[in-house]
Amino acid sequence: MIMKKTTIVAGLAGIICHLLVAPVSASDTQTVYKFYCAQCHGLGGKGDGPNVTKDFPVSPRNFTDAAEMNKLSDADMKNVILDGGPSASKSPMMPPWGKTLTGEEVDGLVKHLRTLCKCEGKKS
Amino acid sequence: MIHCLNSYDGRKSMRVKFTLTIGAIILMAMMSTGRADPAAGQAVFKARECVVCHYTEGPAREKTIEDQLTKKGPELWYAGDKFQADWLAGWLLDPKPIRPMKFNSLTEENAGDHPSLNAEEAATVGEYLMSLTSGEVKAGTVKVKRNSKGRQIFTKKMPCSGCHQYTGRKKVIAGGRSGPSLVDAGVRLNPDWILAYLKKPKVFKPIKMMPVFVGLLSDKDMANVASYVGNFKPKKK
């Protein structure tokens, strides 16, 4: 009986720990990317979303360009997502998403962008 | 007794006539002022199956991105805050695409296949939709004008133009395509609602592709943007 209770408590503790430390799942991050970022950066991350018409004043970053993406650290990307292009002397066409996205969503996006460029980026 | 009955019948007949007359007067008054019964419009809204794509009871239901993506069309529970009545009745009669892209899609163009209503239906559904308000929009707050500060924010500082089409210089349509077009938005949208939408995004659209600007733009700057967008009207020829 005591063994049974211990097993149940341990099981519950395991589930709670898992919920507390579980990272955002890949599908969640992909949904976030598709919903917010793809409108300019494209579903595949090539900088070719539907907003990029001939009069779009800048070229949104191509996340599949490993050479360019390697120039950025994860912290650089996080800052630009949170505070917008001007925070890195880039275009204001990249708006600040800091009031829209959660910290967890931003961290997930940074990881997702690394999967798109298949690169590790500059170490900060 | 017979006299009493006749008298009773006479009074009853008078009462019926009086009631009918009052009813006719109310009906004529409603017709003469162009005011229809929102309940009649609601019945048409249901009969024409508008409810399949649009929900009309607030507050906002969307809590996740998936909730938003499940929707087939925009929520209309605050349509009376958002739209201009004349524009709405006209649009229901002859709907033209507002969004370049299909609702909730980044890959499919808007096919422009929104069902149209006949004149009577459009008028009555328009009345119904204009009766739907949130209680969150203060009337008469935004003065529509050529607002240079609003223009600066819209095109440069926090470029709304990145996602919304508008009429740029030399009457050329510029801007992005993922959001609803704002070309001639001053005819379609209530400028006071534009301000409320910027100030209280969680009330109207808790989950949307547009960034939250609360804490990034001051109330005054939001009012400047609302004033600028509210002035998007067809140029007089």
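Which residues does A226(B) touch, not counting residues up to four places away in sequence? They are V142(B), P191(B), I194(B), L195(B) and L198(B). Touching, or being in contact, has a cut-off here: the C-beta atoms of two residues, placed from the backbone, lie within 7 Å.

This is a predicted model, in which local features need pLDDT of at least 70, side-chain atom pairs count only at pLDDT 80 or more, and totals for chains, interfaces and linings use all residues. Residues are numbered from 1 along each chain as its sequence is written, while chains are lettered from A and ligands numbered from 1 in the order in which they are written.

**Chain B in outline**

Chain B holds 11 helices and two strands. Helices (H or I, at least four residues) and strands (E, at least two) are DSSP runs, numbered from the N terminus. Read from the N terminus on, the order is α-α-α-α-α-α-α-β-β-α-α-α-α. The chain has 237 residues, and 33% of them are buried. A residue is buried if 20 or more other C-beta atoms lie within 10 Å of its own, exposed if 12 or fewer, and partly exposed in between; the C-beta atoms are placed from the backbone. Take the contacts in chain B between residues at least 6 apart in sequence: 70% of them join residues at least 24 apart.

**Two domains**

Chain B splits into domain 1 (37-130) and domain 2 (148-230). These bounds come from an automatic or database domain assignment. Taken over C-alpha atoms, the centres of the two domains of chain B are 20 Å apart. In the contact between them, domain 1 of chain B brings 18 residues and domain 2 of chain B brings 17. On the domain 1 side, α3 (65-70) and α4 (79-82) of chain B each supply at least two residues. α3(B) gives the most, with three residues. That side of domain 1 of chain B divides into nine nonpolar, three polar and six charged residues. Ala, Val, Leu, Ile, Met, Phe, Trp, Tyr, Cys and Pro count as nonpolar, Asp, Glu, Lys and Arg as charged, and the others, Gly among them, as polar.

The expected span of a helix is 1.5 Å times one less than its number of residues.

| Helix | Length | Span, first to last C-alpha | Expected span |
|---|---|---|---|
| α11(B) | 12 residues | 16 Å | 16 Å |
| α6(B) | 12 residues | 16 Å | 16 Å |

Why is α11(B) largely enclosed by the rest of the structure? Nine of its 12 residues are buried, so the rest of the structure largely encloses α11(B). Among the buried ones are M222(B), V225(B), A226(B) and V229(B). Their cover includes α7 (148-157), α8 (185-188) and α9 (191-199) of chain B.

In α6(B), the buried residues include A122(B), V125(B), E127(B) and L129(B). The buried residues of α6(B) pack against α2, α4 and α5 of chain B.

**The cores**

A nonpolar core is a set of buried Ala, Val, Leu, Ile, Met, Phe, Trp, Tyr and Cys residues joined through C-beta atoms within 7 Å. The largest one has 43 residues, and V125(B), I194(B), L195(B), L198(B), V225(B), A226(B) and V229(B) touch the most other members. Helices α2 (38-47), α5 (85-93), α6 (119-130), α7, α9 and α11 of chain B each supply at least two residues of this core. Both domain 1 and domain 2 of chain B give residues to this core, so it lies between them. Another core lies apart from it, with 18 residues, among them C40(A), M69(A), L113(A) and C117(A).

**Chain A and its contact with chain B**

Chain A puts 20 residues into its contact with chain B, and chain B puts in 19. The chain A side divides into 12 nonpolar, six polar and two charged residues.

The average pLDDT of chain A is 86, and 78% of the residues score at least 70. Over residues 14-27 of chain A, the pLDDT is below 50. pLDDT is the predictor's confidence in each residue, from 0 to 100.

**Two single residues**

Is Y33(A) buried or exposed? Y33(A) is buried, with 20 other C-beta atoms within 10 Å. Y33(A) sits in helix α2 (residues 26-41) of chain A. Leaving aside neighbours within four places in sequence, Y33(A) is in contact with A38(A), L109(A) and H112(A).

D113(B) lies in the loop between α5 and α6 of chain B. D113(B) counts as exposed, with 9 C-beta neighbours inside 10 Å. D113(B) and P95(B) are 18 residues apart in sequence, and their C-alpha atoms are 8.3 Å apart in space.
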